[in-house]
Amino acid sequence: MQGDAIRAGTRSANGRGRSPGRALYTPEERQRRDATRWTLVQGLLAPFQFVVFLTSLALVLHSLLTHTGTMAADLSVVAKTLTLYAIMVTGSIWEKVVFGRWLFAPSFFWEDVFSMLVLALHTAYLAMLFCEIGSFEQRMLVALAGYAAYLINAGQFLLKLRTARLEGAGGHGAMAVAS
């Protein structure tokens, strides 16, 4: 069923893309992935972003519960957003090097689509902060929505990492790291 193929990430929005059963990477893509420094950059930024996320989440929840530390919470969300922008820009470069396109390569199409939602929510938070739109609580709710979307997106990429490792165990590839 095409719906299953789309959920499995085997087709792009226009119905083209990876055919079912196709490896996550072609041999040429795997070689480019393994040769580029952007793979290492992504591998370092992803866990760093997760630590920033956990720290910020704690500060945001603390400030919402206690109504104290609001400046620290805001600064932490800004830091998380800047880290997200860094990983998105470098991830786009990685995708261009490996797949020949800046975003929406068939192997990572749905992860990139969801990444756009994550970016939109984090950017909406920044707009609310710098344009003084809404209350602190409203800003933090947008930040928390962005964080929830980030967790889903991180899960998508972890599943791709697992797929790449399983393919690697079968002789089809090694490790995947993306935006």
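1. Arg33 is buried, with a relative accessible area of 0%. In this predicted model, Arg33 forms a salt bridge with Asp34. The closest N and O atoms of Arg33 and Asp34 lie 2.8 Å apart. Arg33 counts as buried because its relative accessible area of 0% falls under the 20% cut-off.

2. Asp74 and Arg139 also pair through their side chains, in a salt bridge with an N to O distance of 2.7 Å. This pair links distant parts of the chain: Asp74 sits in helix H4 (residues 70–99) and Arg139 in helix H6 (residues 136–169), 65 residues apart. Asp74 and Arg139 are both buried.

3. A salt bridge also joins the side chains of Lys160 and Glu111, at 3.2 Å from N to O. Here too the pair links distant parts of the chain, with Lys160 in helix H6 and Glu111 in helix H5 (residues 109–130), 49 residues apart.

4. Are Lys160 and Glu111 buried or exposed? Lys160 has a relative accessible area of 8%, and Glu111 has one of 7%. Both residues are therefore classed as buried, since the cut-off is under 20%.

5. On the count: how many salt bridges does a search of the whole structure find? The search finds 3. Side chains of opposite charge can pair when their charged atoms come close. Helix H6 carries Arg139, the partner of Asp74 in helix H4, and helix H6 also carries Lys160, the partner of Glu111 in helix H5.

Conventions. Residues are numbered from 1 along each chain as its sequence is written. This is a predicted model: local features need pLDDT of at least 70, side-chain atom pairs count only at pLDDT 80 or more; totals for chains, interfaces and linings use all residues. Side-chain values use heavy atoms; hydrogens and water are left out. A salt bridge is a side-chain nitrogen of Lys or Arg within 4 Å of a carboxyl oxygen of Asp or Glu. Buried means under 20% relative accessible area, exposed over 50%, partly exposed in between (1.4 Å probe, protein chains only). Helices (H or I, at least four residues) and strands (E, at least two) are DSSP runs, numbered from the N terminus.
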